[in-house]
Amino acid sequence: MSPAVPIWRVFSDRQSLIEAAAEVIRQAEAESGESFSIVLAGGQTPLALYRRLVGEPMRWEKWRVYFGDERCLAPDHPDRNTLQARLALLNQVSIASEHIFTPRVELGPAEAASRYGETLADAGKFDLVLLGLGEDGHTASLFPGHEIGLVPDAPDVLPVFDAPIPPSERISLSAHRLSRAKQVLFLVTGESKRDAVKRWRKGEQIPAAKISAEKSLVVLADRDACPD
Ligand code: 6PG
């Protein structure tokens, strides 16, 4: 049964938050079977975590890496979530390139979403999904007022043509696919997230609040984002 209400853990400093997130990943990896499937989040917040994981004695050969969303930009554009994750983590550790599943967003949202959907068809349930929270309550590239793919027969991957935050063209795993996970872990930092956090905790149905998980749904937030 999916937990409807996340467990919130609030940290007074970001380093402790990053350490806690690294510990969740270590445990999820240890509890996984022959492979460990992880969905990486975009945005700035997780980059410190990714850098922190370099040098950890992880079983990298088990890792199967997917991306929760991507911006439709050239492969070497600095705002590509996948490029940022590569620079911070994936290029620094020994994960085989065929175990890193990068959406081909240079083909445009429709084609990229369709192809990434085919890739995900073989992925099964994720062991761990990492997500962030946007100031407007979005997560991955699931924006308020847009289709977020919550119903069970929603496609695994949605093309996004009119994101309110640039770039307007993106792809995103649907809310239903992100929730097909043993664990979901949100990382939320900074004062700019305060309003979205307040709305989420009050029970407003922002996109982030629609994500669930089979075993645990945890939000790690810092005091700036969650002062009370
Ligand atoms: C993106 C995202 C997005 C992000 C949040 C938080 O590609 O924009 O995946 O959902 O995670 O906006 O971003 P920050 O960590 O940069 O605040």
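1. In helix α3 (residues 81-88), the buried residues are Asn 81, Thr 82, Gln 84, Ala 85 and Ala 88; buried means under 20% relative accessible area (1.4 Å probe, protein chains only). Seen down the axis of α3, these residues fall within an arc of 160 degrees, so they line one face of the helix; the arc is that of the directions from the helix axis to the C-beta atoms. They pack against β2 (36-40), α2 (45-53), β3 (63-67) and β4 (69-71), where contact means heavy atoms within 4.5 Å.

2. The model is predicted: local features need pLDDT of at least 70, side-chain atom pairs count only at pLDDT 80 or more, and totals for chains, interfaces and linings use all residues. Residues are numbered from 1 along each chain as its sequence is written, and side-chain values use heavy atoms, with hydrogens and water left out.

3. Ser 179 lies in the loop between α5 (175-178) and β8 (181-188). Ser 179 is buried, with a relative accessible area of 14%. Not counting residues up to four places away in sequence, Ser 179 touches Lys 210, Ile 211, Ser 212, Ala 213 and Glu 214.

4. The protein has 6 helices and 9 strands, which are DSSP runs (helices H or I, at least four residues; strands E, at least two) numbered from the N terminus. Of its 228 residues, 54% are buried. Among contacts with a separation of 6 or more, 79% join residues 24 or more positions apart.

5. Taken along the principal axes, the C-alpha atoms of the protein fill a box of roughly 45 × 40 × 35 Å.

Definitions and conventions
Buried < 20%, exposed > 50% of the residue type's maximum accessible area, 1.4 Å probe, protein only.
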